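Subject: Structure handover

Hello,

Here is the structure for you to look over. My notes follow below it.

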Amino acid sequence: MRVIEAFRESFGAEPHGVWHAPGRVNLIGEHTDYNDGFVLPFAVPWGVAAAVARREDGGVRLRSLQAGEPVVLDDIERAEGWARYAAGVLWALRAAGHPVRGADIVVDGDVPQGAGLSSSAALEVVVGTALDELYGLGLTKMEIALTAQKAENDFVGMPCGIMDQAASALGEEGRALFLDCRTLASRSIPFDLAAHGLQLLVVNTGVHHELADGQYARRREDCENAAERLGVDALRDVTDLGGALAKLSGDERRRVQHVVTENHRVEAVIGLLRAGAVQEIGALLNASHLSLRDQFEVSCPELDVAVEAAVRGGARGARMTGGGFGGSAIALVADGRVESVRDAVTAAYAERGWAAPEIYPAAPAAGARRLA
Ligand code: GLA
């Protein structure tokens, strides 16, 4: 394994083990996690492998095969860039009182760049999973996900919800993960695309709109303000949508409209998947996209064009996935239509003079695990 060789070469010793944690695609349930709502992501076949050794002296050395020289950290607070996601997990474990001393870590990632498929959650979760085992902490997978989220919230400074880390930690091959983000109760739901003659195509727009930084926190604030105005703990608790909308205006009204209907769509998709009607979920994916575009306002032209062209090309449904403002769209496509969907999306991008997006199928893969 490349990551083991790189570990030997970097640190002149053998790692104590190798772990892997995946990125994720969210099937549906977007911008619902931090509203105590429902999400339905699955782990993708791409992720981050980490070769790790314990260090009793408390030292920390990090190397990424996708970055330059190893980073030696006398003080993990000083970590920058990609290293901050890894160091943040050590920080969060120590902050929770776990007896985690030092570590040498080499990571090797293959999550497509800029695809919005949560390469950062994969990095956090693989480090958390390795340290849990090497230091015998006995954490559950959900506790590892929560630690990773804490690292991202409080060390990196991105106020994300729990979805990405939970999908990476708890994902299972052939299954999507239904998560109630309030109770953290999860259920794995069969999502066997091949058995239904379907593929889920990921369309990587390759763009990330810089202006978007800060928009995530603003959406979160809109939701929290609306919940306060409505007198509920979180938008999850809105049961009378009409009544709630009548009390709101402007942005807050649109955000609530999205979150409440999106939670319903997650439940509807679960119902269809349980009934074996995978091919029927397309209309809900389309409705989710329109709601994210018009009510939550987190889409962008590249995502909209990908979604519209995919549907025109014969997809059963399509939507943006993840935080928005770039990253990837997903399209549910019958085997026989894959080429026509690819062609339609590629042509729509070419017409606008945009670089061709990468398009590849993704099926649910295993969550975090030990490889060696
Ligand atoms: C990002 C965040 C998640 C979630 C999604 C939107 O991926 O990290 O917690 O909020 O956006 O659904």
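Contact here means heavy atoms within 4.5 Å. Please keep in mind that this is a predicted model.

I begin with His-258, which sits in helix 8 (residues 250-274). His-258 counts as buried because its relative accessible area is 0%, and the cut-off for buried is under 20%. Beyond its neighbours within four places in sequence, His-258 is in contact with Glu-30, His-31, Arg-265, Ser-291, Leu-292, Gln-295 and Phe-296. With Ser-291 there is also a side-chain polar contact, at 2.7 Å.

The residues around the ligand include both Glu-30 and His-31. Also in that shell are Arg-24, Asp-33, Tyr-34, Cys-160, Gly-161, Met-163, Asp-164, Tyr-216, Gly-322 and Gly-323. By class, the shell splits into four nonpolar, four polar and four charged residues.

Where does the ligand lie relative to domain 1 and domain 2? Domain 1 (2-191) and domain 2 (194-361) both contribute residues to the shell, so the ligand lies between them.

Now the polar pairs at the ligand. A polar side-chain atom of Asp-164 is 2.6 Å from a ligand oxygen. The backbone of Gly-161 places a polar atom 2.9 Å from an oxygen of the ligand. For Arg-24, a side-chain N or O atom is 3.0 Å from a ligand oxygen. On its own, the ligand has 310 Å² of accessible area, and the protein covers 94% of that.

Best wishes

Note on methods
Residues are numbered from 1 along each chain as its sequence is written. This is a predicted model: local features need pLDDT of at least 70, side-chain atom pairs count only at pLDDT 80 or more; totals for chains, interfaces and linings use all residues. Side-chain values use heavy atoms; hydrogens and water are left out. A residue is near a molecule or strand if one of its heavy atoms lies within 4 Å of it. A polar contact is a pair of N or O atoms within 3.5 Å; within protein, one must be able to donate a hydrogen and the other to accept it, and residues adjacent in sequence count only if both atoms are side-chain atoms. Accessible areas come from the Shrake-Rupley method with a 1.4 Å probe; for residues, only the protein chains shown count as cover. Ala, Val, Leu, Ile, Met, Phe, Trp, Tyr, Cys and Pro count as nonpolar, Asp, Glu, Lys and Arg as charged, and the others, Gly among them, as polar. Domain bounds come from an automatic or database domain assignment. Helices (H or I, at least four residues) and strands (E, at least two) are DSSP runs, numbered from the N terminus. Buried means under 20% relative accessible area, exposed over 50%, partly exposed in between (1.4 Å probe, protein chains only).
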